[in-house]
Amino acid sequence: MERIVSGVTRLGLGIAQGYLVELGSGLVLVDTGTPGNAPRVLAALAADGRLPRELGTIVLTHQHRDHAGSAAALVAASGATLFVHADDLEPVRDGGVPATGTAAGRLGGLG
């Protein structure tokens, strides 16, 4: 876990990186790493004094397993809303990741 700038923390998730972004509306996780990384993300939240339910949004940059592999487990643990680009929606669903939205358009003040 490494604070990049105020409000942005990089999480080392094996072969990929995840980023926790603090917004006024809550925490956003950008990418979840490979399957099995949910405990790492949850431990990073706990180390920062955060509860899983404070993770309100997960954004996947794309549907590859090294970026989306722990999405289902993190949605289950946190209740976060998952956003994925419309072009990646079907591969994410086919991979068992429960996408509940798409990143087409404005997303929580990010776009």
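User: Which residues does H67 touch, leaving out those up to four places away in sequence?

Analyst: H67 touches D31, T32, G33, L60, T61 and H62, with residues up to four places away in sequence not counted. Contact means heavy atoms within 4.5 Å.

User: What kind of model is this?

Analyst: It is a predicted model, in which local features need pLDDT of at least 70, side-chain atom pairs count only at pLDDT 80 or more, and totals for chains, interfaces and linings use all residues. Residues are numbered from 1 along each chain as its sequence is written, and side-chain values use heavy atoms, with hydrogens and water left out.

User: Why is H67 called buried?

Analyst: Buried means under 20% relative accessible area, exposed over 50%, and partly exposed in between (1.4 Å probe, protein chains only). H67 has 16% relative accessibility, so it counts as buried. H67 is found in helix α2, residues 65-68. Helices (H or I, at least four residues) and strands (E, at least two) are DSSP runs, numbered from the N terminus.

User: What makes the pair H67 and D31 a polar contact?

Analyst: The two side chains come to 2.7 Å. A polar contact is a pair of N or O atoms within 3.5 Å; within protein, one must be able to donate a hydrogen and the other to accept it, and residues adjacent in sequence count only if both atoms are side-chain atoms.

User: Where is D31, and why is it called buried or exposed?

Analyst: D31 lies in the loop between β4 and α1. Its relative accessibility is 4%, so D31 counts as buried. D31 also has a positive phi of about 70 degrees, although it is not a glycine. Most residues other than glycine have a negative phi.

User: Why is R53 called exposed?

Analyst: R53 has a relative accessible area of 66%, so it is exposed. R53 sits in the loop between α1 and β5.

User: What makes a set of residues a nonpolar core, and how many are in the largest?

Analyst: A nonpolar core is a set of buried Ala, Val, Leu, Ile, Met, Phe, Trp, Tyr and Cys residues joined through side-chain atoms within 4.5 Å. The largest has 20 residues, and those with the most contacts inside it are L11, L29, L55, I58 and L60. The largest share of this core, four residues, comes from α1. As for L55, the residues it touches include L20, L27, V28 and L29.

User: How do you know that β2 pairs with β1 and β3?

Analyst: Two strands pair if DSSP finds at least two bridges between them. Three bridges join β1 (residues 2-5) to β2, and six join β2 to β3 (residues 16-23). Both pairings are antiparallel. E2 stands opposite R10 in β2, and L11 stands opposite G18 in β3.
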